[in-house]
Amino acid sequence: MSVSQKPVDASFAKRLQALAKSDGVYKIKSVVRTSTGKEISFLSFAKACLLVESMLSDALTVSVDYAGTVIAVTLSPTVSVCENHPISSADLRGFNTFVHFRHIEQGPMPDTAAYIQKLEREREARERGEVKDNRSFLAKYWMYIVPVVIFVVLSGASNPEATGGGGGGR
């Protein structure tokens with residue numbers, strides 16, 4: 001889709017060329033009105049030298065979600081590298097903008113019904129005792145082993161004569 005636009009006046013062309021020489025950035029503001037009447041603003045930026053060297057030829061990408069709501073507007077000049085070619089103001093008469101609408105594709109939906117059925121089958125199998133516990137001895141009984149180890153360590157630390165710290169001399 002192409003959009004017709006007003007011609008560019010000479011003062012705008014000169015300001016854009018000056019911005020390009022100073023390695024400046026060109027900014028556009030797109031205002032979108034939603035179906036409820038609310039206005040949403042989108043900002044997009046491009047290097048001014050890219051616009052000048054493309055002779056104001058650019059692409060405007062409008063990204064919309066699955067419901068048709070605009071979620072982003074992006075400006076892309078047709079030139080991707082600034083080579084500092086001299087462009088006269090006469091070559092900058094008007095924008096040549098192509099508008100692309102990009103619909104965001106929805107990703108795959110999870111199959112929650114099948115997952116819930118699988119969990120139910122596993123729960124029923126555990127209740128019937130069909131599933132064996134394949135964990136190691138330590139993984140099964142760690143909660144009983146750890147308190148015993150802590151008790152032994154603490155009782156050894158509180159009894160100094162059992163540790164051999166008696167100070168018998170020569």
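This is a short tour of a predicted model, stop by stop.

Residues are numbered from 1 along each chain as its sequence is written. Because the model is predicted, local features need pLDDT of at least 70 and side-chain atom pairs count only at pLDDT 80 or more, while totals for chains, interfaces and linings use all residues, and side-chain values use heavy atoms, with hydrogens and water left out.

Begin by colouring the protein chain by pLDDT, the predictor's confidence in each residue, from 0 to 100; the chain averages 84, and 89% of the residues score at least 70. Among helices (H or I, at least four residues) and strands (E, at least two), which are DSSP runs numbered from the N terminus, select strand E1 (residues 2–3), where confidence is lowest at a mean of 54, and then strand E3 (residues 39–47), where it is highest at 93. Where pLDDT is low, the predicted coordinates should not be read in detail.

Next, select helix H4 (residues 137–158), whose end C-alpha atoms are 30 Å apart, in agreement with the 32 Å that its 22 residues should span at 1.5 Å a residue, the expected span being 1.5 Å times one less than the number of residues.

Phe-12 belongs to helix H1 and Phe-95 to the loop between strand E5 (70–77) and strand E6 (96–103), so the pair ties together parts 83 residues apart in sequence.
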